Structures are given as structure tokens and as C-alpha cells.
Amino acid sequence: VLSALFPHPAGCALAAQPLRGKLATYGSFCAVALAFFAPLRAAELACKITDTKNAPVADAIVSLVPLDAPPPTLAPPSEPVLISQQGEEFQTFVTPITVGTMVTFPNADKVSHQVYSQSPAKKFAFPLYKPGAMPTVTFDRPGVIALGCNIHDWMLAYVVVLETPWFAKTSADGTATLTGVPPGRYRAEVWHPRLAKTEKREITLAAAGAPSAPLAFSLALKPDRRIRHSVETTGGGYK
Amino acid sequence: VAARVFRFRRFGYRVLALLLALLCAALGTTFWLVSAANAANARAHARANLELGARYYAAAIDQRIEFLVGSASVMSGDDAIKQTLREESLDARTLASLLVSYTQRVGAPVIGLFDPEGRQLANSEPGMDNENAGPFAHLIARATQADMPQASDYSYLKNELHVLVAVPLYAPYPVIIDWFGLAFPIDRAFAQKIKDITRIEVTFVATENPAAPRVLATTLSDVAAQIVARAAVARRPAEEPVATLTLPDDDYVSLFQKQDLLGEAPIAVVLQRPLGPELAAAHELESAVLRISVVALCLATLLALWIARGVSQPVQQLAAHTQRIARGDYDARIALDRVDELGQLADAMNAMSAGLAERDRVRDLLDKNVSPEVAAQLLRDGAALGGEEREVTILFADLRGFTTLSEKLTPGDLLGLLNRYLDRMSAAIEEHGGVIDKFIGDAIMALFGAPVAQGDAADRALAAALAMERALAELNTELSAEGKTPLALGIGVNTARVVAGNIGSHRRLNYSVIGDGVNVAARLQSLTRTPEYHTNIITGAATIAACRRSPSSGAPSSVLGPPSSVLRPPSFRPLGRVQVKGRAEPVEIFAVW
């Protein structure tokens, strides 16, 4: 399945959309794999993330850190995760991964690009590279890494490196589902690019079959300060 | 017509018209002056604002250019940027996308990169090909030629007005390896920004085609901007730069400026400020002046009517009072409670009434003490000493036996009898136009023909004498009836030229006559006592001669005399000549009956 996620660079434009949807449930795949070995039956947890105005919040990362059990051993995927560049934008805004995961940045654009990070969890910089090139980097420490392109100020992406296999990214309706989580006490964490500090809450999951209340968070988000790529507004007048 | 219009029937209207005319003139002049000053002030104010706005506009452009130059200098001096720009893998398309990033950093909508010869390497604006970017090449060529650190000018980019800035990329200074070309548009948004700060309307007009001027940018409506564009095209270079332009919504004080363009025909920059808001305060003031004027006119009207009433009412009172005085009511007094001229007039009228009353009283007294004719003569000619010679008929009457009578009667009875007698005699004399000159005890001296000349004086005197005789007869009848002694009298009548006039001292004088003729009359009266004459009335030849001369001879005047039926013409009986005391020649005398 994962080999299908690594198409030829020319086909990257087509592959980008399905890739994004699958990444959202990537954590669940890991959980399923782990649950196979788990002594207890795994549970499923629905999450609903909104802002203070009750609007759904997309691109929020929900993760669960076990409090009673030792942290589970992580098995990073053998193939890299893709964050492509297209239309002078990173094609995945927020990408959650586990520690040790490789990420490849294929240039599926018509112009050269550059990728750099000044975040403490992973500092790196690729030189300017032409369309077709696909440099790769491995994220070996947990944390949030902000990615930029030094010739296109508006380009921005986040990689969230986690130490737990139980995580999910909210879709446009603000929902996400965590599956294969063993019952027990957890610290639920929510991260979002516009959140000042990671939200944390202790929860207890019942065994599978017992219905558990959906995990709901209401986030106080900062204003969106992203630079807009204004190709369509260039020459649009005096500002 | 004017004379008819301005002939006022009432004093009040005159005062009203005068006051209102004066006030209207004063207020009208004030209003006009205020209006003119306000309008001039508003224009001056608008113009001052315009000039300020023009300076702000120029400063805004300069500031913007400086900012772009500063930003471009930071970029061109940045090592990382220099390296990025010189990177081998940097193709034109990537460079263009990089320049888009720079447009956002700098805030210039258009950024191009040019080689030292002015050839464009890339541009942030998608359609900005080499031809469209031509003005940048011009600017860079000019800057290179003049060895300027940077250059800026106005020009068209893709047919839109822009301000262009060229900043060199040094590696190292002063070696120019590239040029940044930046531009910002002079568009509606830019104009609006200037207007937001200065409240001034800005319009940019391309004037190269006078038949169809093109509005490049404006804060006005399209219709108004077209009017401004046509006005801008129609202007001559020597014309005063400020003019008032009428746009659909208001009059605008307009400042016309010329702006040179890089390699193109110059454009017109028109800065405008509406007069309406500037005049608003003035209009408020004017309407206040108008309101005050109306109030002032109303007050003036009331004041004028009040003043007029204050004058005309007492004048009407005075007129009414004058009419009372004219009717002879001298006792009436007018009371005006005021101290002004009208009050003085009222006082004067009262004094006049008093004076008239006094004169009347004096005249009344005079009438009693002297005969009415003498009184009238005195009042007419004054009581001056002096006289005139004239022909007068003198009548002397005397009671006979009065001395004996006075011994028999008590003084009171005597005086009563005497007054009764004199009253009748006086009446008879005055009836015939005679004037009582004086009473001398029981004697009466009367004049005919003085002080008022009478043509029939002699006739009147004789008629009066006969009337006296008859009146005495009547009195005697009454006295007999009362058991009293009847009276007898003698009358002498003489006509002579005598001196008539006021005789006496300065302090006291009488109107009288003196002369020989008077003595003769007295002598003739004395002669009546002569028993053989058998007459009570004796007259002289002169009187008879005067009778014959008079126009009414034989028929006394019906005007002054009693009805003619009662009268008969006097008859004369010659008594011969007698020697009169004091006269050399004997006098011919006649009995009258």
C-alpha cells in the first residue's frame, strides 16, 4: 500500500490529494498493528475540535499518551512520508508523524524550491532545487517543526513529531477518530498551529463495546498570520 | 410719482419709512459686506488647503519613493539575497516567483530585476514583458548615464500610471551587477488615500489627446472626473493655476498642476476642494445676520410707530386745543406731561390762552370805561400820545337844576337817579353811533365822527339829541309815576375841526378832542337855559351845513340809527346870532326840534 503513495514525481500532482486523506488515518494503521499484540481489546475514540466560537477546527492534531502503561515501542514506517510542493505551496499544511519517520519533499512545481527549518527539534536546509528533485529528511526527535521556503515567503508547513502511536488530524469538519487504543488512563493532547500552548487533559478509556463520550476540545486560537500567496493579487494596487 | 409716494398723510408713516429705509440700508450693506468677505475667505481658505494638499501629495509620493528605495537597498545589500539571485539553479520563472515574495516584503506591487544594460531578467507581474517594462529600461539608462545612486519617475506600465523607482544591486559597491525596478500605481486607491488624509479630491488626467482626455485615476465620480478632464485639457499654460470649477454636486476650487512623464506627454494633476463645506459656516453666519435683521426691522417698526405716536398724539391734542382757542374758549388748558419741544409748545399755548383771556378781560373793561370805538381804536393803534385834526360833531348835554336837586336828595338817591339818567342818555347816544367822550358830573360830552370818521356825523348827533329828549321824556314819565321830580336837560351840538387824539400824561391819558369847537358846543348847551329860546337843543350853522353836505341828509343812516319810521328829520328854527364867550364873531344858532 505504501509503495503506491510514492509515485513517480510527474504523477505527484495526482497523488497528492488521496495522500493527504490517508495520512489522516495513518496513526490508526499503526494503532491497528499494535492492537494486534495488545493484551486488552482496543477502544475507538471520536474527537471533536472547535474554536471558542464553536466553529470546527481543521488541522488540529489529537494524541493520547498512556499514563499507566510504559510508552509503547514505535515502529516508524519504512517508506518516507511525502510533503510535496505544488502551486508554490506545501501540499500538506500539517503532517503528524512518529519519531524516526522519513519525510520526502518532492518538487512537483514549475519553479525551483527550497525547504528549511529553524525549529529546535530538527534544523535543516536544502539548497534550491529544481522541479523533479525530492530531497528527504528523517525526523528523529519529537516536537513541532515549522517548514519554510526561503524564496517564497508565503510557503509554510508543519511536521508534528510524536512519541505515541495514537494520534489523528482533524478534517475540515473538526472531527477525527482515534482507533485501537487500549482501555486505560491517558493524557489527551491537542496541538494546532494557531494554539499558543498544547492543550492537555487526562481521560480514561473504557474497554471496547462500552460507549465512551466523544473527546471534545474548545480551542482559543490566535489570529491566522500566514502570508497569502498573492499571485492573483499581484499588481492589484497600492497597499 | 415719487413725490406722490413719499407724501405721507401721517407723521408716523414718515418716521417709519425713514427708520426702515435707514435700517434696511445699514443691514443690507452689512449683509453684503459679510457675504462678500465670507465668500472671499472661503475661497482663500480652500486655496490654502489646496496648496497644503498639493504639498502633502508631493510629499506622499516622495516618501513612498524613499521607502521603496530604502527597502530595495536593504534587499540589494543583503548577502543571502545576492547569493540567491546569483544561484545557478535560479531560472527566470523561479526568479519571478521570488520577486513576488519581495513585492510583499517591500509593499511595492511591481518588482522587476534588470541587468546593468536595463534588460529585464524577471518581473513579479505576470504580464510584464520586456516591452511593457520599457520605462524601467529608460529609467535605468538615465540613472546609468547620470551616474545616479537611484532614479525615479512617472510613467505608464501596461497603460496604467505608475511611479517607477530603479535601485542598483552592488557587488561590491560601486560595481552594479543588477538593478531592482520597483513601481507602484497611481490609481483610484492611491488618490483615495491622499483624499482620506487631506480631504482633497485628486484627479490624474492624460492630456496628450485633447479631443478625448483620459482619466487615469480620480476620487470623483466618472461624470465629475470627465468635466475635470475637459477643463484640464482646455487650460492654457500661462493661466492662473487656481480656478473655480462647477461639478454636478458643488463648486470646487481647483488647482491644476502639470506632471512630466518619463518619455511620454505630461499629465495634469488636478487637486480640488469643494466650496460648500467652506461656505457652510459663512451661510450659518449669513442666516444669523438675516434673522437678526428681521428682528431688528420688526423692533424698528414698533419703535418708529411708538415714536410717531409719541409725537403725533400730542400734536393732535394741540390741534384740537387750538381749535377750542379759535372758538374763543380761553379758559381751557392743555396738559402734556412732557418737557420737550411739544411740552414747551403746550406751555406756550397755555400762556397764549391766558394772554388772550387777559386781553379779552382788558378789552371788556376798556369797553366799559371808554366807548367801544375808542377801545377798539386804542387796541388797534395803541395808546400813544398825539392826535390829528379832523371834523367832529360834539354834543354836550347837561341836567338843569341838578344843583338844587342834589341838595334835596340823599347822596345814594342822587347817584341812583344820576346813573339812571346817564344810562338812558348814553344808550340814546350810542344807538346813534356817538361816542361818550366823558361824563362831567351830570354833564355828558359825546363825539360823532371820532375816533371813527362818519360821513353823517352831524345828522347822527342831531338825531341822538332828539332821541335823548325823547328818552328823558320817558324817564320823566317813570319818575312821575314814582312820585319823583322830573328832570330837564339842555343839549348843545356843534360841528367843528378839532384836534382828536390821546390826551393826558404818559401814565394816564384819554382819547378826546380839544379845540374851540368844543367850547362852542358847551356854550350852545348853556344857551338852552335862555327862556326866550324855548328849546332844549341848540346847534350851530356849521352843523346844519354839515347835515346838508352829508350823503344821507334828511334820512339818517339806517344802519346805525333807530328804525326810520320812528324818526323824523330834525327841524331847525333860527334863533339869530349870539355872541359866544371867547369868540370874536357872533355865532348863528338854531333851535332843533
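Author: His534(B) is exposed, at 68% relative accessible area (exposed is over 50%, buried is under 20%, and partly exposed lies in between, using a 1.4 Å probe and protein chains only). This is a predicted model, where local features need pLDDT of at least 70, side-chain atom pairs count only at pLDDT 80 or more, and totals for chains, interfaces and linings use all residues. Residues are numbered from 1 along each chain as its sequence is written, chains are lettered from A and ligands numbered from 1 in the order in which they are written, and side-chain values use heavy atoms, leaving out hydrogens and water.

Stay with His534(B). Its phi is positive, about 55°, although His534(B) is not a glycine. Most residues other than glycine have a negative phi, and most peptide bonds are trans. The residue sits in the loop between helix 14 (516-527) and strand 16 (537-540) of chain B. Helices (H or I, at least four residues) and strands (E, at least two) are DSSP runs, numbered from the N terminus.

Lys158(B) also has a positive phi, about 50°, and is not a glycine. Its loop runs between strand 3 (151-157) and strand 4 of chain B. Lys158(B) is partly exposed, with a relative accessible area of 37%.

Pro172(B) lies between strand 4 (160-170) and strand 5 (176-185) of chain B. A cis peptide bond links Ala171(B) to Pro172(B), with omega about -15°. Pro174(B) is also in the loop between strand 4 and strand 5. Tyr173(B) and Pro174(B) are joined by a cis peptide bond too, with omega about 5°.

Next, the charged pairs. Side chains of opposite charge can pair when their charged atoms come close. The whole structure has 29 salt bridges over all chains; each is a side-chain nitrogen of Lys or Arg within 4 Å of a carboxyl oxygen of Asp or Glu. One of them joins Lys195(B) and Glu201(B), at 3.0 Å from N to O. Both of these residues are buried.

Glu358(B) and Arg361(B) form another salt bridge, at 2.9 Å from N to O. They are three residues apart in helix 9 (residues 341-369) of chain B, so about one helical turn separates them. Glu358(B) is partly exposed at 38% relative accessible area. Arg361(B) is partly exposed at 47%.

A further bridge pairs Arg420(B) with Glu482(B), whose closest N and O atoms are 2.4 Å apart. This pair links distant parts of the chain, 62 residues apart. Arg420(B) is in helix 12 (residues 411-431), and Glu482(B) is in the loop between helix 13 (457-481) and strand 14 (488-504) of chain B. Arg420(B) is partly exposed, at 26% relative accessibility. Glu482(B) is partly exposed as well, at 37%. Salt bridges with shared partners join Arg420(B), Arg424(B), Glu478(B), Glu482(B) and Lys484(B) into one network.

Glu286(B) belongs to helix 8 (residues 275-326) of chain B. Beyond its neighbours within four places in sequence, Glu286(B) contacts Phe31(B), Ser35(B) and Asn38(B) (contact means heavy atoms within 4.5 Å).

Follow Asn38(B). It lies in helix 2 (residues 11-77) of chain B and is buried, at 14% relative accessibility. Not counting residues up to four places away, Asn38(B) touches Leu279(B), Ala282(B), Leu285(B) and Glu286(B). Asn38(B) and Glu278(B) are 240 residues apart in sequence, but 9.2 Å apart C-alpha to C-alpha.

Finally, the chain as a whole. Chain B has 15 helices and 18 strands. Of its 593 residues, 45% count as buried. Among contacts in chain B with a separation of 6 or more, 62% join residues 24 or more positions apart.

How far to trust it? Chain B averages a pLDDT of 86, and 94% of residues score at least 70 (pLDDT is the predictor's confidence in each residue, from 0 to 100). Over residues 553-566 of chain B, pLDDT stays under 50. The model has 17 contacts beyond four places in sequence for that stretch. For the complex, the predictor gives an ipTM of 0.71 and a pTM of 0.57.
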